[in-house]
Amino acid sequence: ELTQHAKVKIIDRKIELEWIAEAILNPIHTEPHISDPYLTYTYGKVTAYNKDRVLKVVYNKNTTPWKVITCYFDRQAKRRLLC
């Protein structure tokens with residue numbers, strides 16, 4: 001499930017729903033949110049437009065269904081996770 005914020009941002013950022021699902025179900029890296037124990041950061045590799053990108057998804061896995069809060073392409077994570 002997407003929050004209203006996430007729905008707006010995936011359109012603005014041209015993010016496909018399949019990329020979000022892949023990042024959540026088959027992440028290249030996960031970590032807990034810095035201040036909210038209910039949220040998780042997960043990172044997925046997106047190969048589109050002939051280049052690798054890292055999609056960061058912030059979601060709550062303690063809800064049913066899981067709720068995506070936001071997502072965006074993370075350049076810093078790309079350097080850290082794909083090098």
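Visitor: Which residues does Thr42 touch, not counting residues up to four places away in sequence?

Guide: In this predicted model, Thr42 touches Ala23, Ile24, Pro27, His29, Thr30, Leu55, Lys56, Val57 and Tyr59. Thr42 itself is found in strand S2.

Visitor: Why does Thr42 count as buried?

Guide: Buried means under 20% relative accessible area. Thr42 has 0% relative accessibility, so Thr42 counts as buried.

Visitor: What makes the pair formed by Ala23 and the side chain of Thr42 close enough for the distance limit of a polar contact?

Guide: The limit is 3.5 Å between N or O atoms. The backbone oxygen of Ala23 lies 2.8 Å from a polar atom of the Thr42 side chain, a value within 3.5 Å.

Visitor: How do you know that the buried residues of H2 line one face of the helix?

Guide: The buried residues of helix H2 (residues 17-25) are Trp19, Ile20, Ala23 and Ile24. Viewed down the axis of H2, they fall within an arc of 130°, so they line one face. Glu18 and Leu25, on the other side of H2, are exposed.

Visitor: What covers the buried residues of H2?

Guide: The cover includes helix H1 (4-12) and the strands S2 (39-48), S3 (51-60) and S4 (67-73).

Visitor: Which residues have the most contacts inside the largest nonpolar core?

Guide: They are Ile15, Trp19, Ile20, Leu55, Val57, Val68 and Cys71, in a core of 15 residues. H1, H2, S2, S3 and S4 each supply at least two residues of this core, and the largest share, four residues, comes from H2. Another core, of six residues, lies apart from it and has Tyr41, Tyr43, Val54 and Val58 among its members.

How values were computed. Residues numbered from 1 in each chain as written. Predicted model: local features only at pLDDT ≥ 70, side-chain atom pairs only at ≥ 80, totals over all residues. Heavy atoms only, no water. Buried < 20%, exposed > 50% of the residue type's maximum accessible area, 1.4 Å probe, protein only. Arc of directions from axis to C-beta. Contact = heavy atoms within 4.5 Å. Core = buried A, V, L, I, M, F, W, Y, C linked by side-chain atoms within 4.5 Å. Polar contact = N/O pair within 3.5 Å; in protein donor to acceptor, adjacent residues only side chain to side chain.
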